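Me: I have a structure to look at. Can you show me how to read its loops and strands?

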Amino acid sequence: MFKLKKYLWVSLLFSLLLLNSCEKKMDEVLTIDGVVWLAKMSTTVIEHEYSDHAEYRYTMYKIRFDKDGTGKTGGDELNTDFTWKLKKDELQLSFDDNVLPYKLVSKSKEKMVWEKSYKSNGDFATVIAKLELIRL
Amino acid sequence: MKKFLSGIFLLLSVLSFWSCDKKGKENALEKELTGSWNYNLEHFRLFDGQPVETMEIYSGTMIFHNDNTLEYKLDASNALDTKGTWKVVDKQVYIYFYRNFYYYNGSYDIVREAGKLSLHLIYNKNDRDAISVKFKLTK
């Protein structure tokens, strides 16, 4: 009986350790700074009056978030400056004087999805800007 | 009883490991794509899912390097050759061309038909219109 209990405890501990290592990997995703991401931005326009729905072309670039709240973005060279803030599930990107606040939609080990939406053309349309960050 | 419990815990351990290791499958896709490919590109406008206008058809070479950089060459001219970045995530390959081909930037579905690989992107989706880009890859 003692051997059985010991065996069970060891097995349980092993399973918990594996689950814990998985959780740690997931937590790494929250660290947005220090690595270069591939960013894909797309916009969806929903015309309320006509129930029309259009998804538009993507913009892509590479982006790096530095610990001091600054960052660099660009193509083969990261040469455009911006600043950023991360508050819980909101990411604020500032290019010149434009502040773009994104809400976190989903995250995984390799990918984060952020979105912001705003009204356009009065209240006739809603624009949803989606920012996908792919860890390089 | 002991065997039954050991089976349960073994299963739990394997499931824990498996759930953390989806990355392994994506690594396999990345490994498969890594290298030099000849491509045939088909760029169409679609209406109700059917091609109605051919925008571009051409061929060239695409090299997926293992450091996630990319070289893109056209058979017809080297004036437009460019470099870029690529990465496989969620069974799609994200491709970013640094110059010239910005309308091909995006996340492509990796499609396997009759043993051949192709990369397929649909963009500018409207209720009935869309644009389709397909790279058919051969070694």
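Reply: Start with a loop. This is a predicted model. Find Asn100(B) in the loop between strand E5 (92–97) and strand E6 (106–113) of chain B.

Me: Is Asn100(B) buried, partly exposed or exposed?

Reply: Count C-beta atoms within 10 Å: 20 or more means buried, 12 or fewer means exposed, and in between is partly exposed. Asn100(B) has 14 others within 10 Å, so it is partly exposed.

Me: Where does Ala114(B) lie?

Reply: Go on to the loop between E6 and strand E7 (116–123) of chain B; Ala114(B) lies there. Its phi is near 50°, a positive value in a residue other than glycine.

Me: Why does Ala114(B) count as exposed?

Reply: Use the count again. Ala114(B) counts as exposed because it has 4 C-beta neighbours inside 10 Å.

Me: How many bridges join E6(B) and E7(B)?

Reply: Look at pairing and direction together. E6(B) and E7(B) pair over 5 bridges, in the antiparallel sense. For one facing pair, take Glu113(B), which stands opposite Lys116(B) in E7(B).

Me: In what order do the strands of the barrel in chain B come?

Reply: Follow the pairing from strand to strand. In chain B, 8 strands close into a barrel, in the order E1-E2-E3-E4-E5-E6-E7-E8, and the pairing is antiparallel. On average, neighbouring strands of this sheet are turned by 35° against each other, direction ignored.

Note on methods
Residues numbered from 1 in each chain as written. Chains lettered and ligands numbered in written order. Predicted model: local features only at pLDDT ≥ 70, side-chain atom pairs only at ≥ 80, totals over all residues. Helix = DSSP H or I, 4+ residues; strand = E, 2+ residues; numbered from the N terminus. Pairing = 2+ DSSP bridges. Axes fitted to C-alpha atoms, helices over the stretch in contact; angles between N-to-C directions.
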